[in-house]
Amino acid sequence: MVSVKEKELQITEQRRLRDNLFDISSRIMGKEGAKFLFKVYDLARFDIFGKPKGAIGSIDVTNRCNLRCRHCYFYAHDYESEPELTDDEWIEKFEGLKKEGFPFYQCSWIGGEPLLRKSLIERGMRYFKSNLVTTNGTIELPFWPDVNFYISIDGPREMHDSMRGKGTYDKIVKNVNRPNLKILLSMVITRENYRGVETFVDEWRERGGVRGVLFQFYTPVKGLENDNLWPGWELRDRVIDDLIRLKGIHGDFIFLPNEVFEMMRSDRCQAITRDCLFSQVSFCFDPQGREKRPCMMGPMADCTRCGCVLPFHLKALEDKRLVLRELFMSLRKAFGRPVLH
Ligand code: SF4
Ligand code: SF4
């Protein structure tokens, strides 16, 4: 039987070999090329051995936010009175996880508003191979060229501001004007804003500055008086028809493949969320560093009406053709141009 000490040594050695291999590949192929190679390796490994527990997940870095949006699930939890972990306490936690062989693959830094704790993210993201920051876009984006920024936006100006506060849309327009950063917009579709989807896509396609748009649907959360935002199944299915039509026009600017939208339809979605892959493979920590179950939305989210894209995207990735498509997209991102059609 392998002792804890021996296991730690094995993990450290694997990590050292991997880092060396990454350095050598970077010198031969450039940093982006090496990243692509490692993505192929990781996806192949996940496919063969199954997704390791903790491969992807999220950290609520703070319980504070500079906004107070009407649809925020965060405030269904009583976090505000409890002190959040300090930067040093988080680093201590990551070091502890490292010893346990935690995979440190992909982390979404969320909140609250994560950019209120830039120094923590800057230190913490060095532990992960891939980092996403989901922000409300009202704070200037730091120059983190390797990070994927997801800016939460609720449709065209008027709809967005009615949900998040006057003037917030214009702040986003100003802050995303950063050509050297990887920025995607993320819109949660509700009964109130679904009519704005097409205008929203057209406006941002024309305005430029972002790599694309990710759509999700509103997930009801018990304890929040927001059930009027839930679109209902019939409307949700109609919006999915629209998204597929818009994807026909805008292609990869609408970030998800059609297979994922199809899985979100009312006759298919519950079989997927009942057995949610995301909750099985992900890690989610709250601002106090405690594990949050079953996912980042916490125990009060209504899984039967989940509109989060993650369970569907993970399910879709069980299809090998989609894994190839994801790799193709990474290749395009790595080398900045389409290589196949
Ligand atoms: S910006 Fe995000 S965390 Fe802040 S109130 Fe809005 S939804 Fe909640
Ligand atoms: S709310 Fe959605 S993502 Fe979270 S556990 Fe339920 S089904 Fe999965």
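1. The side chains of Arg 293 and Glu 291 form a salt bridge, at 3.8 Å from N to O. The term needs a Lys or Arg side-chain nitrogen within 4 Å of an Asp or Glu carboxyl oxygen. Arg 293 is partly exposed at 36% relative accessibility, and Glu 291 is partly exposed at 46%. (Buried is under 20% relative accessible area, exposed over 50%, partly exposed in between, with a 1.4 Å probe and protein chains only.)

2. A word on the basis. This is a predicted model: local features need pLDDT of at least 70, side-chain atom pairs count only at pLDDT 80 or more, and totals for chains, interfaces and linings use all residues. Residues are numbered from 1 along each chain as its sequence is written, chains are lettered from A and ligands numbered from 1 in the order in which they are written, and side-chain values use heavy atoms, leaving out hydrogens and water.

3. The salt bridge count comes to 17. One of them joins Arg 123 and Asp 88 at 3.0 Å, N to O. Arg 123 sits in helix H3 (residues 118-124) and Asp 88 in helix H2 (residues 87-99), so this pair ties together parts 35 residues apart in sequence. (Helices are DSSP runs of H or I, at least four residues; strands are E runs of at least two; both are numbered from the N terminus.) Arg 123 is partly exposed, at 31% relative accessibility.

4. Glu 95 and Lys 98 also meet in a salt bridge, at 3.7 Å from N to O. They are 3 residues apart in helix H2, or about one helical turn. A network of salt bridges links Arg 64, Glu 84, Asp 87 and Arg 117.

5. Now the sheet. It is open, with 7 strands in parallel pairing, ordered E6-E5-E4-E3-E2-E1-E7. (Strands pair if DSSP finds at least two bridges between them.) E6 (212-217) and E7 (282-285) stand at the edges with a single partner strand each, so one side of each has no neighbour in the sheet. Strand E5 (residues 182-189) pairs with E6 over 6 bridges. Val 188 faces Gln 216 in E6.

6. The largest nonpolar core has 67 residues; Phe 94, Trp 109, Trp 204 and Phe 215 have the most contacts inside it. (A core is a set of buried Ala, Val, Leu, Ile, Met, Phe, Trp, Tyr and Cys residues joined through side-chain atoms within 4.5 Å.) Helix H7 gives the most to this core, with 6 residues. Another core, of 15 residues, lies apart from it and includes Ile 56 and Met 296.
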